[in-house]
Amino acid sequence: AAPADAEVVSAVVVLTLDPPADDLPADAAEVVVAPSFHMAPVALSAPDDADARDNMASALRPPREQTVPAELADLPTRGLTLDTVQRTERAHAAAVARGEVLATRASVSPLAASTSVAIYTPAQIRAAYGLPGLPAAGVTPTAEQAAQLGAGQTIYIVNARHNANAFAELTAFNSKFGLPACRATPLATNASLPLAAASASAGCTFSVVYSTAAAGMTATAPAYDASWATEIALDVQWAHATAPLARIVLIEAADPSTSSLVGAIKLANAMGPGVVSMSFGATEGSWTASLDSAFTGAGMSYLAATGDAGAQVAWPAVSTKVLAVGGTTLTWTGSGARREVAWAKAGGGVSAYTATPSYQTTGVPGVGSLGKRGVADVAFNADSSTGQYVGVMAPGASSVSWVSVGGTSLATPQWAGLLASANAMRARAGKAVLGAPHSALYSQIAAVPGYYAAAFSDIVSGANGSCATCVAKAGYDAPSGLGSPNASALLASLSGSSVVPAAPQVSGSAISGKVGTALSFSVPVVTGNAYTCTLAGAPAGMVISGTCGVSWPNPVAGSYSVTVTARDNVTGLSGQGAFAVTVLTPAVAPMVVAATVNGKAGTALSAAVAVTGGTANSYTLVNAPAGLAISGSGVLTWASPVAGTYAVTVTAKNTSTGLSGTGVITLVVARVAPPVVTASALSGVAGVTLKGTMTFVDPNSGSLTVTISGAPSGMTFAGSGASLLITWLRPVTGSYTLSVSAKGSSGMVTQLSVPVTIRAK
């Protein structure tokens, strides 16, 4: 490692810029910011040396996991330092030795419900996010490779306080993970500004300057602070891990006041074009707009952490001129696609003071109508439970210790490295640096479906609070902004070398099926990459394979509108096709129900034929007697039936399906006959009541009209059903004749004479 005094400069030069930082409004100048990192409460075992021998050796391995000791699990992770972890371990060991039990810290939140943390190496992060691969140790990268690694660009790391070991920590980090080495390059306090452009062939150089509130440089190092020293270590190491050939200038402000930090930012502006990484923040206020003049340097890109306290909006991330970097929780196993959700502690929300910038338009998916500036803009892994290795050294130490650090502080320098690499690629193509990247990210990438799906992984789950805007969703959202980078495609888009990928084309059609017959069909998809298909509006039981084969083992009759979506696994673009699926019930032949129809000779007959099964549209008769007909609706008619029994075959046919069925209808036509009258001669004794009966039957089952004449005086007749009761209470001696006439329903008449004889006593 270079000697510590390689970072110290020898004179003081105060550069006065317009406006000077110490002319800030009082309410803004008095604000104190804090570093935005979380550290897992455990001292890590040293990483193995696999990457030291081969800088991508760990790329295809899952992250290492290390258990968090129970005595450390309840330590607050925000701003945690290794010194605090070690002191807690020593106190616990001493208490155990004394047989005591340490009290639980009930006032702080534990790291998580789990008892272990995952820790990623630089190679694993490069693989998970698709960053360009590193050249093997000792191999000189091509000009194109060097540009992809940020060669010729400058990253300004702005922080407060002092870390005397920053370069030694970076050197140990590079050695452990096989990253390109950095050369310490002191900057004199009277150095001419702007600095000479970074050399594209010089590799990584590292410089430290101490800024004044008036945006100048001083030889007086700020005071040491363990938390800020950890922040400086992680910012420097992971900016370098992302853009390992970029020049790094660490600017340390004397204290964490906004006045001092604005002076450091303006000093970066004076040094010349580059990317400014700011991993600190303070809750926004009405004063934030008064500091926007710090973010107007020519050719400068400004990035800031959104904070690590959940749904809050912080400065400087809230500035519309700053790229606000939110956080995710990363899951990656060493192969396949990474999985991310919005980190629960990531800062972000809708500003209470800053107006909505023009780039956050409704043309960007998910933006909707933001009432004010939406924070974050983008995201990266930030959860300390899925943290990344950082090497730290205590003051005066000669060896490095390893911790797992997260926070939007970690996400910010990595996005700074991405922009530095994009600028290097643009420079190689003869293009100007990006400067403020918002327009490119929102309007040129997020508003174009092909670019957006390729360049970003949209974070659609997780939340940083319980508010309406706290939940990650499709497109833009506050916790994760536009999403996390698919680095290769993002760099291609930012450098102007990418082509808009085409969405898959899905050809819809009409599909027919039958109940009881399994239905299957293939969906035609045109795309150049592997794709995955899903269904919407599908009936129960219908499924689709990943290659767009649709099957339905037991179709149900009906009409269905089914949408098939094919998603390109590489670009994330989707195409849809609509399918009109009609399932018909199989045609069934109509069946004539056999029946017996009764009629009377000479009386018009009408009877409907019953049909089961399919629908009949026409009927025909076989063996029908003359005069018998059947209508199109299946009604038999016979105007003048002839007595007899007839077996008529009726055929019912469905003219649409051509199917038909038959049945036999038996017609029984009864003959017409006169009424039958039954009566016996009557005899009696004078003065003694006489009784007798007559019966009447109409063979045609109709009604009868009965007429009786010749009855002697006093004789009465009473009918009951088909019987007629004859009564004569006081018969008179003599002979009499009753003339009986019965007329039936057929019109035929039967006449009968009934003699009556009454003898004397």
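Trainee: Is the disulfide of Cys467 and Cys470 right-handed or left-handed?

Mentor: This is a predicted model. Here a disulfide joins Cys467 to Cys470, with S to S at 1.8 Å. The torsion about their S-S bond is about 95°, so the disulfide is right-handed.

Trainee: Does Cys467 count as buried, exposed or partly exposed?

Mentor: Buried means under 20% relative accessible area, and exposed means over 50%. Cys467 has 33% relative accessibility, so Cys467 counts as partly exposed.
Its partner gets its own check. Cys470 has 2% relative accessibility, so Cys470 counts as buried.

Trainee: Which parts does the pair Cys533 and Cys548 tie together, and how many residues apart are they in sequence?

Mentor: Cys533 and Cys548 form a disulfide, with sulfur atoms 1.6 Å apart. Cys533 lies in strand β27, and Cys548 lies in the loop between β28 and β29. The pair therefore ties together parts whose separation in sequence is 15 residues.

Trainee: What is the handedness of the link of Cys533 and Cys548?

Mentor: Look at the angle about the S-S bond. For Cys533 and Cys548 that angle is -85°. The link is left-handed.

Trainee: How many residues apart in sequence are the parts tied together by Cys182 and Cys204?

Mentor: Cys182 and Cys204 form a disulfide, their sulfur atoms 2.0 Å apart. Cys182 lies in strand β6 and Cys204 in strand β7, so the parts tied together are 22 residues apart.

Trainee: What is the pairing of the bonded cysteines in sequence order?

Mentor: The count comes to 3 disulfides. Number the bonded cysteines of the protein chain in sequence order. The pairing is then 1-2, 3-4, 5-6.

Terms used. Residues are numbered from 1 along each chain as its sequence is written. This is a predicted model: local features need pLDDT of at least 70, side-chain atom pairs count only at pLDDT 80 or more; totals for chains, interfaces and linings use all residues. Side-chain values use heavy atoms; hydrogens and water are left out. A disulfide is a pair of cysteine sulfur atoms within 2.5 Å. Helices (H or I, at least four residues) and strands (E, at least two) are DSSP runs, numbered from the N terminus. Buried means under 20% relative accessible area, exposed over 50%, partly exposed in between (1.4 Å probe, protein chains only).
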